[in-house]
Amino acid sequence: MLGAVYGLAPSSSREHDGASAWFGCSVTARPYRPMVTPMSSLSVGATFPDSDVVFQVHAVSKIYQTGELSVVALRSVELELRAGEFVVFLGPSGSGKSTLLNILGGLDTPTSGDVRFRDHWLSRADDAGLTRFRREHVGFVFQFYNLIPSLTALENVTLVTEIADDPMDAQEALRLVGLTERENHFPSQLSGGEQQRVAIARAIAKKPDILLCDEPTGALDFPTGKLVLDVLAQINSELHTLVAVITHNSAIAAMADRVIRLRSGEIVEVTQNARKASPEELVW
Amino acid sequence: MGTLERKLFRDLFKMRGQAAAIALVIACGVASFVSMRAMYLSLLRSQADYYAQYRFADIFVELKRAPDWVAERIRQIPGVAQVETRVVMDVTLDVPGLQEPAVGRMISIPARQGQGLNTLFLRRGRYLSPTGRNEIIASEAFANANKLEPGSELQAVIQGRWQKLRIVGIALSPEYIYEIRGGGSLFPDNKRFGVLWMSAETLESALNMKGAFNSIAVSLLPGTNKLDVISTMDRELDSYGTLGAYGRSDQVSHRFISDEISQNRITATVIPTIFLAVAALLVHLSFMRLVSTQRAEIAVIKAFGYPDWLVGLHYVEFSLLVAIAGYVLGCGIGWYFGIKLASLYAEFYRFPVLVYRLDLPILLWAGLITFVTAIAGAIGAVVRAVGLPPAEAMRPEAPARFRPMILDKLNLPSLSPAVRMIIRNLERRPLRALASAFAISCSVMILVVEFGLFDSLHRMMEVQFHDVQREDIAVTLNEVHSAQAEFELAQLPGVIRSEAFRAVPVRLQFQNRSRKTSILGLPEQGELHRIVDGTGNTLSLPPEGIVLSSTLAGILGVVPGDSINVEVLEGRRPARTIAVAATVDELLGTNAYMNIHALNRLMQEDGSISGSLMQVDGEKQQELYQRLKQLPAVAAVSIKAAAVDSFRETINRSMTLSIGTLIVFASVIAIGMIYNGARISLSERSRELATLRILGFTRREITLILLGEQAFITLAALPFGFAAGYVVCAILTFHLQTELYRMPLVVQPASYAWAFVIVFLAAVASGILVSRRVAGMDIVSVLKAGE
């Protein structure tokens with residue numbers, strides 16, 4: 001059982017209560033409906049606000065202006081993300097998935113359209129507002145881990161817990177990803193998988209509302225990648241954190257609640273999985 | 001233009017901030033070399049030309065009085081080329097517009113211009129006419145300070161009679177390029193001391209010196225042994241009250257200029273060396289980083305078949321381009337600065353022409369040292385670029401390896417991760433941190449030395465004007481007077497306290513060493529002139545025996561308890577053996593002191609005095625000055641406040657240029673180092689800093705992390721800079737000491753504070769420059785690339 005290996009407690013009520021207390025709101029599981037939603041029915045507007053909806057993306061376009069060339073990265077995207085969901089964004093390179101993730105994570109702002117996180121209008125925030133948003137609500141996991149090489153595993157986590165309002169204990173975060181033993185190692189002394197787990201611990205330590213993962217397994221071999229996905233699945237199920245993973249690896253889609261496919265800057269398909277596969281079942 | 005050259009210019013443009021910082025440091029080095037070296041050569045050349053053209057004498061001697069025919073005996077001495085006899089006398093002057101009396105040095109000159117030695121360079125007006133009896137030529141420094149022109153008139157007390165003098169010309173003399181009165185003064189007081197030349201005939205009759213002279217200037221034939229001639233002259237003139245012949249090295253003006261020129265030579269070497277060393281260091285650090293970031297490009301270029309040497313040459317060219325920019329800028333600044341310097345020199349040193357000339361050889365030398373600097377700085381990067389195997393270079397550089405180091409062994413849990421990042425980055429590259437700290441401490445050192453030298457100067461003057469010379473004015477009588485004169489001087493209006501002194505020219509001798517000086521006789525309980533050592537302790541004058549300044553005791557090789565031979569060089573010229581009662585560590589001059597009664601006994605005279613020191617009521621000062629100007633017995637009046645003012649003015653004038661320049665220089669080093677250091681860190685750690693931004697750190701916070709490293713280095717460098725500054729001050733004050741003065745080693749806390757403030761401001765300025773780069777950092781694109 002991976003949970004035991006990583007020192008993750010089985011989904012006991014203790015952990016659940018802890019998670020609820022961290023986020024300051026109760027998380028209700030939604031029934032999963034196995035259906036494919038056509039683009040036209042993904043409307044937003046009058047039906048909002050739904051208390052479960054964390055992100056609300058309306059008519060978002062992003063155009064990059066590089067010299068005389070303008071590249072449309074996103075075209076009128078409509079989307080909502082709900083608390084506790086595990087969402088996978090699938091698409092080839094250039095499909096706009098990274099741009100969408102950047103906008104959701106407050107790294108970038110759309111050229112037009114609205115992005116709302118709860119009651120914050122991200123599309124209207126300035127740089128300082130976005131920084132505050134990232135600091136308070138978002139956990140990032142990157143393809144290349146991006147750990148600070150001069151800090152140990154534990155220090156990489158405390159880096160975040162120090163500036164967060166109500167973080168979990170840094171050692172607890174490392175325990176959740178099963179790296180208690182390696183907490184005093186520097187990134188250069190850790191394997192890729194271990195580094196990525198430190199990155200995940202760093203991302204969850206602030207108890208974020210959303211965990212955004214950009215190709216989290218992209219730099220890892222198959223078994224290590226599965227270990228990392230397992231950690232993400234555990235975080236999602238035990239802490240009820242909204243997890244959004246972008247990848248071009250369609251195999252990962254099986255473990256999601258919802259799969260959103262992008263192509264050429266547009267959402268082309270949204271699939272609701274009837275059953276979430278466990279990471280062990282995945283093959284690529 | 002080849003493709004590599006095109007890459008060169010584009011890279012250079014991308015690195016323009018860093019390149020500009022390096023070029024500025026090089027420019028400072030080149031500017032200081034070009035200006036100081038050229039100034040050194042200009043001074044040397046101007047001095048040599050002036051001396052040759054206006055026949056500056058080789059040997060000088062002052063004596064009491066000798067008949068004209070004695071000159072013929074001097075002329076017979078082998079090796080003597082030319083002899084000029086003169087009458088020289090200091091007189092009291094009444095200068096229009098000047099309240100206090102001034103001192104004029106009257107010197108007789110031949111009736112026809114251009115004859116004799118130490119001939120005049122006529123700046124304005126005309127030479128003396130054969131008929132005009134009261135015509136004089138005034139020295140330019142004195143005339144300018146008092147706004148005198150040909151046609152102006154002065155009053156002088158000559159032989160107890162007021163005499164009107166009319167200026168017909170303004171001139172310069174190689175004997176008074178640095179125009180000071182001598183006798184312990186270090187800075188010119190052009191308002192109150194001036195040289196006036198008068199026709200020999202007029203002056204001789206005015207001073208009752210018909211058919212006689214009291215000063216000789218001698219020029220020598222090439223290859224003559226100067227010392228032989230000096231000792232022969234001393235023998236020949238022994239019975240005419242000689243004060244002893246001396247060569248150029250003891251001639252006041254020559255000595256000051258020569259000291260200045262040799263100091264110039266040292267600064268023209270030391271200052272540029274510091275700058276170019278820092279510049280080489282900056283090039284090295286920046287280019288090593290450049291090669292790291294361009295690994296892939298280098299690999300591609302090599303893979304295409306470019307030979308290694310061409311790749312190496314590419315970085316050499318890069319470095320040279322930056323150096324050339326610095327060189328051109330430096331030559332321009334140096335040229336401008338040299339002109340400023342020359343005009344400052346022209347205020348103190350009066351040459352007919354002091355042109356600042358920037359010769360081609362200087363420019364070539366500057367070019368050569370710039371070239372060497374550029375190559376030395378680039379060599380590390382070139383070796384690394386040449387040594388990169390193409391296949392390996394294609395792969396990104398291995399990630400930074402951090403291992404537990406000192407910080408982790410100390411086990412300080414309270415440090416924040418940001419502080420840990422800063423310390424570990426420093427620990428990982430200790431040599432780079434040391435190099436940065438070295439450059440910054442150089443900049444601190446430059447400032448501490450500059451401010452410290454002024455502290456010494458101020459302490460020296462404070463001791464002299466506050467502790468030693470406590471009088472308001474010193475009145476020197478034109479000949480020795482009886483004690484009655486003392487009483488009369490004390491009765492003058494406004495005199496609160498008066499203390500007589502007796503000054504006697506002597507030759508002191510101990511074993512085979514001897515020295516000409518004068519003994520100052522002071523009253524036992526005197527208050528107005530105290531004998532004070534360098535630390536401010538006062539020594540009370542013993543009733544018997546002689547007290548020597550340590551410098552003089554050192555020259556003679558005596559210690560307290562020894563007995564020295566004292567040969568008096570005036571009056572009946574008695575010779576006695578006197579015990580050295582004490583030595584005193586004085587800052588100024590080579591003085592000898594005795595109790596005035598003991599000195600009177602030595603002179604076999606009864607209560608004679610040479611003058612008086614006075615404490616004066618400020619209200620009645622003007623009245624007193626008027627009376628003193630009219631007293632025939634008064635040869636000279638020196639006013640302490642005027643000397644202090646003139647000193648302050650001189651210091652301020654030269655300070656503005658040198659302090660201003662060195663502040664700019666030190667700031668350029670500090671900014672160049674801190675800015676480049678931060679830019680290199682920014683480039684190496686852009687990914688790390690972008691990650692922090694994404695994690696929610698604000699720009700401010702990551703700027704602080706980035707600059708924290710530089711701040712730490714700067715703070716660590718400060719104490720070393722302070723210490724190095726103190727040590728260099730100690731070395732300089734030791735080497736700058738001459739027989740005339742000794743600079744005390746004083747560095748005031750304020751000097752350290754100023755050095756700190758300036759370097760701190762430079763650091764803040766660099767921080768602001770770098771923070772703009774942080775603001776412009778594209779955090780998303782940084783993350784796209786792999787390690």
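## Burial and overall make-up

A residue is called buried if 20 or more other C-beta atoms lie within 10 Å of its own, exposed if 12 or fewer, and partly exposed in between, with C-beta atoms placed from the backbone. By that count, buried residues make up 46% of the 787 residues in chain B. In chain A, they make up 49% of 284 residues.

This is a predicted model, in which local features need pLDDT of at least 70, side-chain atom pairs count only at pLDDT 80 or more, and totals for chains, interfaces and linings use all residues. Residues are numbered from 1 along each chain as its sequence is written, while chains are lettered from A and ligands numbered from 1 in the order in which they are written.

## Confidence

The model scores ipTM 0.72 and pTM 0.77. Per-residue confidence is given as pLDDT (the predictor's own estimate, from 0 to 100). Chain A has a mean pLDDT of 79, and 82% of its residues reach 70 or more. Over residues 1-49 of chain A the pLDDT is below 50, yet this stretch has 55 contacts in the model beyond near neighbours in sequence. A contact here means that the C-beta atoms of two residues, placed from the backbone, lie within 7 Å. Where pLDDT is low, the predicted coordinates should not be read in detail.

Chain B has a mean pLDDT of 87, with 96% of its residues at 70 or more.

## Secondary structure and fold

Helices (H or I, at least four residues) and strands (E, at least two) are DSSP runs, numbered from the N terminus. Chain A has eight helices and eleven strands. Chain B has 23 helices and 22 strands. The C-alpha atoms of chain B fill a box of roughly 100 × 60 × 50 Å along the principal axes.

Contacts in chain A with a separation of 6 or more come 70% from residues 24 or more positions apart. In chain B, 84% of the contacts between residues at least 6 apart in sequence join residues at least 24 apart.

## The interface

22 residues of chain A are in contact with 24 residues of chain B. On the chain A side, helix H4 (127-137) and helix H5 (153-161) each supply at least two residues. H5(A) gives the largest share, four residues. That side of chain A divides into eleven nonpolar, six polar and five charged residues. In this count Ala, Val, Leu, Ile, Met, Phe, Trp, Tyr, Cys and Pro are nonpolar, Asp, Glu, Lys and Arg are charged, and the others, Gly among them, are polar.

## The nonpolar core

A nonpolar core is a set of buried Ala, Val, Leu, Ile, Met, Phe, Trp, Tyr and Cys residues joined through C-beta atoms within 7 Å. The largest one holds 314 residues, of which A:Ala201, A:Ala244, B:Val25 and B:Val278 touch the most other members. Helix H2 (residues 16-53) of chain B supplies its largest share, 20 residues. Leaving out residues up to four places away in sequence, B:Val278 touches B:Val25, B:Ala439, B:Cys442, B:Ile669 and B:Met673.

## A sheet in chain A

Strands count as paired if DSSP finds at least two bridges between them. An open four-stranded sheet in chain A has the order E3-E2-E5-E6, with antiparallel pairing. Strand E3 (69-82) and strand E6 (120-121) stand at the edges with a single partner strand each, so one side of each is left without a neighbour in the sheet. Ten bridges join strand E2 (residues 53-66) to E3(A). A:Thr66 stands opposite A:Leu69 in E3(A).

Helix H15 (residues 483-490) of chain B buries B:Ala485, B:Glu486 and B:Leu489. They lie on the same side of H15(B) because they cover an arc of only 105 degrees around the axis, taken from the directions from the helix axis to the C-beta atoms. B:Gln484 and B:Phe487 are exposed on the other side. The buried residues of H15(B) pack against strands E12 (473-481), E13 (495-510) and E21 (609-616) of chain B.

Strand E18 (residues 563-568) of chain B has a covered face of B:Ile564, B:Val566 and B:Val568, and an uncovered one of B:Ser563, B:Asn565 and B:Glu567. E18(B) pairs antiparallel with E13(B) over four bridges, where B:Leu508 stands opposite B:Val566. Five bridges join E18(B) to strand E19 (residues 575-584) of chain B, also antiparallel. In the hairpin of E18(B) and E19(B), with six residues between the strands, B:Gly571 takes a positive phi near 60 degrees.
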